Amino acid sequence: MKMGILGAGGIAGVMATTVAGMDEAENYAIASRDLEKARAFADKYGVAKAYGSYEDMLDDPEVELVYVALPHSHHHQWTIEALNAGKHVLCEKAFAVNEKQAREMIEASEKTGRLLAEAIWTRYMPSRRMITEIVERGDIGRLRTISANLGYRIDMNERLVRPELAGGALLDLTVYPLNFASMVWGDDIRRMAASCVMTDTGVDGQDTVMAEYQDDRMASLFTTIFTPTNRMGLICGTEGFIEVQNINNPEQIRVYAPGPKGPELKACLDVPEQITGYEYEVRSCIKAIGEGRIECPEMPHSETIQIMCQMDEIRRQFGITYPFE
């Protein structure tokens, strides 16, 4: 599968590193608004072709799967452009800026018959199945509570604090704990309460989200671009709990049960070795394309819409509107 990458930033480099280690995919093309930047990227990662415009890469008939690695503000336009050019698309999370954009992107996928998938990598990883199996076996009893946090000191990154690029913690970080909770027990949310601390530029820098579900379960989620955190996920049931080390790329899954002197470790599971972790979403896309699908079963379009709706509600409570909306 010949992959073309739109955008030559850091996350594009991770994808190129991933594809270089895969047999199923090929680093075929890279596009940047700066041709010299594209050429430097191609030299560094062994990409066959470099383009100085996104349009030129999309015109290349050899490109089969386009990875959209642009700022959030550009996902909508260039995903639709790629689909209309006859390409399959893997679009970085957050999928879009809002539900309306997401629906328009999915409509373009349906109209063109080309695959469109959201690159929320945790949905595709083996760790997702491992956690699901523990829960479904009833190892920790009836689920009641989830908590998850994700934080990095990244507020010096210009893209993350510019409103015109849809910056802020929500679309870059909060999307992960929202997906973490959703993967464990779905999206049957009765009520959400969200608050944030703003950056000087007017985007959210630190988010807290409380979600209450129809059967009285709750999720407590926290993210920040101001400080590192332990990135821990905690799934609590009536007979024990699961600790997930690093919800952004799970490293270890630990299962605890009540003991006479407190919680006792019952199982400690390491996740399989990986190239970068991106390979799972790429393989899912390739498999789905081979089967003639326009969505990946690990992250179907309906689930992308659910998460976008949650983020729209959170942002409504924050009182944040991006300049281009």
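Predicted model: local features only at pLDDT ≥ 70, side-chain atom pairs only at ≥ 80, totals over all residues.
I started at Ser127, which touches Pro250, Ile253 and Val271, leaving out residues up to four places away in sequence. By touching or contact I mean heavy atoms within 4.5 Å. Ser127 is found in helix 6. My helices (H or I, at least four residues) and strands (E, at least two) are DSSP runs, numbered from the N terminus. I looked up the burial of Ser127 too: its relative accessible area is 4%, so Ser127 is buried. My cut-offs are under 20% relative accessible area for buried, over 50% for exposed and partly exposed in between, with a 1.4 Å probe and protein chains only.

Residues are numbered from 1 along each chain as its sequence is written, and side-chain values use heavy atoms, with hydrogens and water left out.

**Helix 9**

Next I checked the length of helix 9, residues 279–290. The expected span is 1.5 Å times one less than the number of residues. For the 12 residues of helix 9 that gives 16 Å, and the end C-alpha atoms are 16 Å apart, which agrees.

How many of the 12 residues of helix 9 are buried? I get nine, so I note the helix as mostly covered. The buried ones are Glu279, Tyr280, Glu281, Val282, Ser284, Cys285, Ile286, Ala288 and Ile289. What covers them includes strand 1 (2–6), helix 1 (10–20), strand 4 (65–68), strand 5 (88–92), strand 6 (116–119) and helix 6 (126–137).

I then picked out Ile289, which sits in helix 9. With 17% relative accessibility, Ile289 counts as buried. Ile289 touches Met1, Leu65, His88 and Leu115, again not counting residues up to four places away in sequence. I also looked at Ile289 and Arg114: 175 residues separate them in sequence, but C-alpha to C-alpha they are 8.1 Å apart in space. After helix 9 comes Gly292, with a positive phi near 75°.

**Helix 4 against helix 5**

Two packed helices are described by the angle between their axes and the distance between the axes. Helix 4 (residues 75–84) packs with helix 5 (residues 99–112) at an angle of about 5°, and the axes are 9 Å apart. I therefore call helix 4 and helix 5 roughly parallel to each other. The scale I use is under 35 degrees for roughly parallel, over 145 for roughly antiparallel, 65 to 115 for roughly perpendicular and the rest oblique.

Which residues make the contact? From helix 4 I list His75, His76, Thr79, Ile80, Leu83 and Asn84, and from helix 5 Gln101, Glu104, Met105, Ala108, Ser109 and Thr112. I sorted these contact residues into four nonpolar, seven polar and one charged. For that I count Ala, Val, Leu, Ile, Met, Phe, Trp, Tyr, Cys and Pro as nonpolar, Asp, Glu, Lys and Arg as charged, and the others, Gly among them, as polar.

**Cysteines**

I searched for disulfides, meaning a pair of cysteine sulfur atoms within 2.5 Å, and found zero in the structure. Cys91 is in none; the nearest cysteine sulfur, that of Cys285, is 11 Å away. At 0% relative accessibility I count Cys91 as buried. Cys236 is in no disulfide either, and the nearest cysteine sulfur to it, that of Cys268, is 17 Å away. Cys236 has 22% relative accessibility and counts as partly exposed.

Most residues other than glycine have a negative phi, and most peptide bonds are trans. I noted these cases.

- Lys93 and Ala94 are joined by a cis peptide bond, with omega about -20°. Ala94 is in the loop between strand 5 and helix 5.
- Ala166 is not a glycine, yet has a positive phi of about 60°. I find Ala166 in the loop between helix 7 and helix 8 (169–185), and at 0% relative accessibility it counts as buried.
- Arg231, not a glycine, has a positive phi of about 60°. Arg231 lies in the loop between strand 10 (218–224) and strand 11 (232–237); with a relative accessible area of 22% it is partly exposed.

**Last look: Met156**

Is Met156 buried or exposed? Its relative accessible area is 53%, so I put it down as exposed. Met156 lies in the loop between strand 7 (143–151) and helix 7 (158–161).

How values were computed
Axes fitted to C-alpha atoms, helices over the stretch in contact; angles between N-to-C directions.
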